[in-house]
Amino acid sequence: MACHVAHTEQPTCMMDKLHTLIPRWEQDASLLLPTRLRERVLAMDRLEDLLFAAQGEPAMATSLLSRAQALHARLANTQRELALDIREAIMRGDGAQALRAWLQPSAHPQDPQGYDHLDALVSEVLSFDEPGAGIAELDEEMVFYQPTPARHVFELGERAGITAEDVVIDIGSGLGHVPLLLSICTGARCIGIERERLYVESARRCVRALQLGRVSFVAGDAREADLSQGTVFYLYTPFAGSILRQVLDKLKLQAGQRDIRIATLGPCTASIAIEPWLAPVGTPEVHRIALFRSR
């Protein structure tokens, strides 16, 4: 029977995998080339799975585990150096070109939660000090935070035609991946609205570190937030039910004053698609960025 990586994997199976993979990757100098991002991230993920599964297994060979740890450290160092180069490009104002150079077809094109090599790079570049404790409990109808996969953020910028003239408001921005990336890549002014103050504080530290003058974050309830400056609004299903209804009513008021675009991802797309004051651009899909324009 074939072995599959799992946290309950048998020591002999892990040993076989490590004996096979470690020499192959040790001899593959191309994994240390910046351009081998996808292959390097896959190798690091596999090593992390095997090393996690090997914890507390006395039967595992110490020398083999040491080699696996050393290899992972070398690959991780290459990732850090690449991320530092991109961070420097962002601070010079060349971030769009530096990030877009790494766009490749996704390995998980149909999976909304299918984070890939691009997300690994973006996480290293943005380098959030993500809070590990103290996060407030969610109110009823609010949805647990997950960052938008990076490939969807780039698709959002292209599908919505976002330019430096736009003001993008991310409703439920979490740690701020969407406002940060969109501002870097389009020059748009971007605002994140997020009720969790610890997320907002982390996002603001990232703004300062990358010297991004056109990104800001507001700590507060989206139902009470000022939406009057937005031309593009983004929702990655931050809430449902009556909260979503109240926010949509606020957006409808904005649409009565000027043309706006609304981009969505996830289950909230179906609810927004039936709003009579919005016209879909193309056929809305739950698992891809959906775009709507006010009528």
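## Domains

The chain is assigned domain 1 (11–97) and domain 2 (128–294), with bounds taken from an automatic or database domain assignment. Taken over C-alpha atoms, the centres of domain 1 and domain 2 are 33 Å apart.

This is a predicted model, in which local features need pLDDT of at least 70 and side-chain atom pairs count only at pLDDT 80 or more, while totals for chains, interfaces and linings use all residues. Residues are numbered from 1 along each chain as its sequence is written, and side-chain values use heavy atoms, with hydrogens and water left out.

## Contact and buried area

Five residues of domain 1 are in contact (heavy atoms within 4.5 Å) with six residues of domain 2. Between domain 1 and domain 2, about 520 Å² is buried, and carbon and sulfur atoms give 69% of that area. Buried area is the accessible area (1.4 Å probe) that two parts lose on being put together, summed over both. Of the area that domain 1 buries against domain 2, 75% is supplied by R87, I90 and M91, more than any other three residues supply.

## The domain 1 side

Helices here are DSSP runs (H or I, at least four residues), numbered from the N terminus. On the side of domain 1 that touches domain 2, α3 (62–92) and α4 (95–100) each supply at least two residues. The most come from α3, with three residues.
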